[in-house]
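I opened this entry to record what I looked up in the structure. The notes follow the order in which I checked things.

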Amino acid sequence: MLDNPSFALFEDYLIMANLLTLFFVIMSCFKLGVYGLSMNYYLFSCPFVDSVVKNDVNKALQDDPTLAAGLVRMHFHDCFIEGCDGSVLIDSTKENTAEKDSPANLSLKGYKVIDDIKLELEKQCPGVVSCADILAMAARDAVFFAGGPVYNIPKGRKDGTRSKIEDTFNLPPPFFNVSQLIRMFGQHGFSPKDMVALSGAHTLGAARCVSFKERLTQLDQTLDSEFAKTLSKTCNIGDNAEQPFDATRNDFDNSYFNSLVSNNGVLTSDQTLYNSAQTRNIVNMYAMNQALFFLDFQQAMVKMSLLDVKEGSKGEVRKNCHKIN
C-alpha cells in the first residue's frame, strides 16, 4: 500500500496540511502578544491543565457522545457575544437576565462538563485557569474525540464580567441567508470561507423543530421533497423534537456538506450555503475533500478562539464559572 502513488500523494497532502496549520498557529501566537496569550501560558502555574481538560471531556463524551456538539456550540455562542470570555456560563440573577437564558441558548448543553473541569483545576491550581480557557479547550478536545482534526489554541483568556440576554441578538439566527451570514461573520473578521468552515461544525448535533418548521408551512423550494417529509415527521412530535444535521450526528466528518449538496440541509442557514453562488464552490470542495475541510476548520476555530479576548484588568479568573467573583 505504501507504494501506491495516490496514497503517497495523500500522505504528502497531510504533511503539508499539518505544516500549514502549524504555521497559522505560530503566526497567531505572534499576533497575540498584545493579549498576553501563549501556548504555554499555564506551563508553570498549572502544568497539567490540558490533560485534565482532555480526560474530563473524553470521559463525559464516552457516556454521552452528543455532548461534543454541545461543547462546540457553547464555545461558538460564547465567542460571538462579548468575545471568548466565558460569559455564556454565567447564571441569571434577580437583577440581570444572562445570555444563557436567551431563547437562542436554552438548548445549550455541556455545562456540567465545564463545571467538573473547573472543580478539578481549582483543587490543583486555585484561581489560575479561567472558565473561558476551559470552554475553548473543551471544544477543541470535543472535536478531536468525535473524529475531527487536532488543533491547539493559545491560552490566557480572562473571564468577562458582563452577561446580558440582549447581547445575544448578535448570534446568527437559523433563517439567515448567505448575504446576511457573510455580513455578520464579516463583522467579526471572518471571510466567507471561514464562515462556511465554521458552519461545518453542524456535522455534529441536531436542530430543534422550532428552528426549521417555517420551511415546511410553505414548502421551501430548496428543500428535497423526501427530506421535507422527514422533517415534517420530526415536527409531528413537537417543537423540541430534534433532527440531526446529517446522518452521522456524533461523528466529525464532511457529511454535513454532502447533505447540503443533496438539498438535505436542515436549517435555512445551512442550505443557503449551497444555494448561493457566493459559497457553493466552497461547499462542493468540502463535500469532495474532507481533509481540506478539516484544515480550514482548524484555522477558523483558532481564529474564533481569539475573538475579543480579555486580559489583565479587563477580566478576571472566576472561582465559579456560573457567577462573577
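**Histidine 202**

I began with the exposure of histidine 202: the residue is partly exposed, because its relative accessible area of 25% falls between the 20% limit for buried and the 50% limit for exposed. The model is a predicted one, and I read the values with that in mind.

I looked up the record next. In UniProt, an unreviewed entry has a "binding site" annotation that covers His202. I then placed histidine 202 in the chain and found the residue in the loop between α7 (192–199) and β1 (206–208).

Which residues does histidine 202 touch, not counting residues up to four places away in sequence? I noted Phe245, Asp246, Tyr256, Leu267 and Asp270.

**Disulfides**

I went on to the cysteines. How many disulfides does the structure hold? The structure holds 4. With the bonded cysteines numbered in sequence order, I wrote down the pairing as 1-4, 2-3, 5-8, 6-7.

I took cysteine 46 and cysteine 125 to start with; a disulfide joins them, at 1.9 Å from S to S.

I then checked cysteine 131 and cysteine 321, which form a disulfide with their sulfur atoms 2.1 Å apart. This pair links distant parts of the chain, 190 residues apart: cysteine 131 is in helix α5, and cysteine 321 is in the segment after α13 (290–304). The link of cysteine 131 and cysteine 321 is left-handed, with -95° about the S-S bond. For accessibility I noted 0% for cysteine 131, which is buried, and 2% for cysteine 321, which counts as buried.

I turned to cysteine 209 and cysteine 235, joined by a disulfide with an S to S distance of 2.0 Å. Cysteine 209 is in the loop between β1 and α8 (214–217) and cysteine 235 in helix α9 (residues 225–235), so I logged a link between distant parts of the chain, 26 residues apart. The torsion about the S-S bond of cysteine 209 and cysteine 235 is about 115°, so this disulfide is right-handed. Both cysteine 209 and cysteine 235 are buried.

**Rings and charges**

I counted aromatic pairs, and the count comes to 16. One of them is the pair of phenylalanine 175 and phenylalanine 176, with ring centres 5.9 Å apart and planes at 75°, so the pair is edge-to-face. I compared the exposure of the two: phenylalanine 175 counts as exposed at 58% relative accessibility, whereas phenylalanine 176 counts as buried at 14%.

I also noted a cluster, in which ring pairs link Phe252, Tyr256, Phe257, Tyr286, Phe293, Phe294 and Phe297. Tyr256 had already come up among the residues that histidine 202 touches.

I finished with charges over rings. The charged end of lysine 100 sits over the ring of tyrosine 111, at 4.3 Å from its centre. Arginine 280 lies over the face of tyrosine 274, 5.7 Å from the ring centre.

Technical notes
Residues numbered from 1 in each chain as written. Predicted model: local features only at pLDDT ≥ 70, side-chain atom pairs only at ≥ 80, totals over all residues. Heavy atoms only, no water. UniProt positions renumbered as here; feature names shortened; annotations may be inferred. Helix = DSSP H or I, 4+ residues; strand = E, 2+ residues; numbered from the N terminus. Buried < 20%, exposed > 50% of the residue type's maximum accessible area, 1.4 Å probe, protein only. Contact = heavy atoms within 4.5 Å. Disulfide = S-S within 2.5 Å. Phe/Tyr/Trp six-rings, centres within 6.5 Å; stacked < 30°, edge-to-face > 60°. Lys NZ or Arg CZ within 6 Å of the ring centre and 35° of its normal.
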